[in-house]
Amino acid sequence: MEFIKKNYHYLLFISSVFFLGNPSKFPADDGFFYPQIAYNVVHNGFIGFNDLYLTNGFHPLWMVFCTVAEFINPFDKAFVLNIIWLFQVLLVLFGFILLEKTIFKECRIGKIFGLAFYCLMFFSLGTLYLIEAHLTFFTFALLLFFISRKLTNDLVFGFVCSLVFLARLDHIFVILPLGFLYWHFRKWNIKSLGIMLIGFLILTIPYIISNYYYFGSAVPISGRIKSSFPHIQEYINFGVFQKIFALLGIVYFLFLNFNKKDQYRSVKLSFLIGSLLQLFYNLLFQSEIGQWYFVSQMFFCGLFIYDIVNNLKGNVLKKVALDKIICAGALVFVCGIAWLKLTTSFSIQNNVFASHSKFEKKSNDLVRQTAQAFEKNIPKDSRIYVYDFPGKFAFYSNFNVIPADGLVANKNYFDDMRFGNFKNFLNKNKIEYLILPTHFLTKDGTQAFLALHVDSRNEDYIFKFRNTLDRTIIDSLKESELNKIKSYPNPIKTWQPQYDSITVYKLKL
């Protein structure tokens with residue numbers, strides 16, 4: 001009881017419990033790649049999303065956690081989501097405790113606001129579940145703890161940096177400014193730099209070498225698909241999140257430059273610079289960005305919130321009763337958002353900041369229901385080519401799902417996806433079924449997906465298949481060349497409202 005009295009702000013973690021009410025409703029589809037691959041590692045003995053391709057299309061450190069979760073899972077396949085959830089809650093909790101021991105140690109109300117923000121982003125909104133975001137949060141907190149305490153073990157510092165990198169590879173931009181700051185603390189000692197690099201390379205060298213050996217490239221296949229580096233993208237999507245985080249980052253940078261009494265100012269500035277570098281790198285060179293790309297920006301926003309509150313030095317903010325009132329209000333808010341996510345179609349990108357889809361009551365996850373309904377018309381263990389949202393389709397069914405985008409495949413997939421070879425690709429790999437979008441609301445132009453373009457101007461749709469690695473259309477099929485098995489209502493209409501159904505097809509012999 002005494003612990004709760006001193007740490008009642010931890011009650012904000014109650015917002016994470018709503019996930020257990022329906023684990024399939026919260027995460028983005030990419031999150032289901034991890035438990036699906038982990039299931040195959042533990043039960044089928046290969047690192048792959050399906051039985052056709054080995055893959056390195058994941059962030060390695062988080063895959064270790066998910067594989068451990070599956071290994072200790074005592075129940076059915078779906079139960080592993082509860083174990084992964086527990087890992088993620090503990091990672092944010094332990095990360096926040098590290099912040100409390102350093103950067104968040106002075107202001108109780110600042111801690112409450114900061115933690116409420118983190119609970120909102122990492123739990124209530126739900127999109128970051130099952131993905132590497134919570135692990136990344138912990139590795140950031142660990143790195144900042146090490147530097148803020150001015151610990152001087154160069155080997156351990158390098159090793160901690162490697163954990164940040166292996167949790168998410170593009171966070172190398174965050175590591176670099178903090179690495180230079182630490183080296184500055186070590187008085188630019190060359191020996192210290194060498195030991196730091198050894199610590200960093202202990203895990204990263206085996207990872208990079210294994211990527212080269214098994215997959216022919218240092219970076220995972222998903223990174224190669226989404227990145228245009230060194231060429232700037234033709235179309236730069238400066239979306240809502242990019243605008244918000246860029247603006248807040250610039251404002252926080254100015255704030256820190258004026259707030260010279262902050263003892264952790266150099267640490268925060270270094271982290272902020274690294275986070276902004278990552279933000280603008282992804283803006284210029286990265287496509288198909290999800291909310292999990294913005295974890296470092298979410299992290300500095302929590303720091304900014306704390307600093308703003310900490311600088312309001314009035315006596316009103318020091319009253320214990322006000323602490324509890326604010327904490328109670330924050331708890332109601334973050335739990336209220338989590339309840340909306342659990343029971344409705346609430347989506348911050350599609351019906352809060354935009355009106356792409358309707359906000360309506362929706363207590364069940366339609367992707368899971370649809371995946372299970374497929375089993376009435378498709379034989380077990382069949383290979384199915386899926387245009388989008390393959391994670392849930394695979395996890396909640398007994399099929400071998402082949403994602404069209406190739407994000408969890410390897411170069412062999414793209415060798416097959418060459419000009420005029422799509423039918424041969426299906427036949428050679430015994431992929432009998434295709435799931436494609438149908439019944440588009442507009443009949444003009446082409447409907448574009450990452451790996452598929454659909455010409456919907458005529459009744460006989462033309463499906464154009466795209467190699468996502470070299471970004472070219474490689475083949476096409478008319479709907480009349482396919483046998484239609486059955487159509488289902490579009491289960492992802494909240495995110496893709498431009499069509500009403502998905503259809504299961506089989507290639508005509």
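This is a predicted model: local features need pLDDT of at least 70, side-chain atom pairs count only at pLDDT 80 or more; totals for chains, interfaces and linings use all residues.

Me: How are the rings of Tyr-10 and Phe-13 arranged: stacked, tilted or edge-to-face?

Reply: A search of the whole structure finds 61 aromatic pairs. For the rings of Tyr-10 and Phe-13, the centres are 6.4 Å apart and the planes stand at 75 degrees. An angle over 60 degrees counts as edge-to-face, so the pair of Tyr-10 and Phe-13 is edge-to-face.

Me: Is Tyr-10 buried or exposed?

Reply: The relative accessible area of Tyr-10 is 15%. Buried means under 20%, so Tyr-10 is buried.

Me: How many residues apart in sequence are the parts that the pair of Phe-13 and Phe-123 ties together?

Reply: The rings of Phe-13 and Phe-123 have centres 5.9 Å apart and planes at 55 degrees, so this pair is tilted. Phe-13 lies in the loop between α1 (2–6) and α2 (33–44), whereas Phe-123 belongs to helix α5 (residues 108–124). The pair therefore ties together parts whose separation in sequence is 110 residues.

Me: Is Phe-123 buried or exposed, and how many residues of α5 are buried?

Reply: Phe-123 has 0% relative accessibility and therefore counts as buried. Helix α5 is mostly covered, and of its 17 residues the number buried is 15.

Me: Over which ring does the charged end of Arg-168 sit?

Reply: Two charges over rings may be described here. Lys-150 lies over the face of Phe-185, at 5.0 Å from the ring centre. The charged end of Arg-168 sits 4.1 Å from the centre of its ring, which belongs to Tyr-293.

Me: Which helix gives the most to the lining of the second largest pocket?

Reply: The second largest pocket has a volume of about 690 Å³. Of the 30 residues that line this pocket, the closest to its centre are His-59, Leu-169, Pro-220, Gly-223 and Gln-286. At least two lining residues come from each of α2, α8 (172–185), α10 (221–226) and α12 (265–285). With three residues, the helix that gives the most is α10.

Me: How many residues in the lining of the second largest pocket are charged?

Reply: The lining of the second largest pocket divides by class into 18 nonpolar and seven polar residues, with a further charged group. The number of charged residues is five.

Me: Is Ile-492 buried or exposed?

Reply: Ile-492 is found in the loop between β8 (482–489) and β9 (499–507). Its relative accessibility is 1%, and Ile-492 therefore counts as buried.

Me: How far apart in space are Ile-492 and Asp-365, C-alpha to C-alpha?

Reply: Leaving out residues up to four places away in sequence, Ile-492 touches Val-367, Tyr-387, Phe-389 and Tyr-499. Ile-492 and Asp-365 are 127 residues apart in sequence, and their C-alpha to C-alpha distance is 9.1 Å.

Note on methods. Residues are numbered from 1 along each chain as its sequence is written. Side-chain values use heavy atoms; hydrogens and water are left out. Rings of Phe, Tyr and Trp (its six-membered ring) pair if their centres lie within 6.5 Å; planes under 30 degrees apart count as stacked, over 60 as edge-to-face and the rest as tilted. Buried means under 20% relative accessible area, exposed over 50%, partly exposed in between (1.4 Å probe, protein chains only). Helices (H or I, at least four residues) and strands (E, at least two) are DSSP runs, numbered from the N terminus. A charge sits over a ring if NZ of Lys or CZ of Arg is within 6 Å of the ring centre and within 35 degrees of the ring normal. On a 1 Å grid over the protein atoms alone, a cavity is a set of points where a 1.4 Å probe fits but cannot get out, and a pocket is an open set with protein on both sides within 12 Å along at least five of seven lines; lining residues have an atom within 4 Å of a point. Grid points are joined across faces, edges and corners, and a volume is the space filled by probe spheres set on the points. Ala, Val, Leu, Ile, Met, Phe, Trp, Tyr, Cys and Pro count as nonpolar, Asp, Glu, Lys and Arg as charged, and the others, Gly among them, as polar. Contact means heavy atoms within 4.5 Å.
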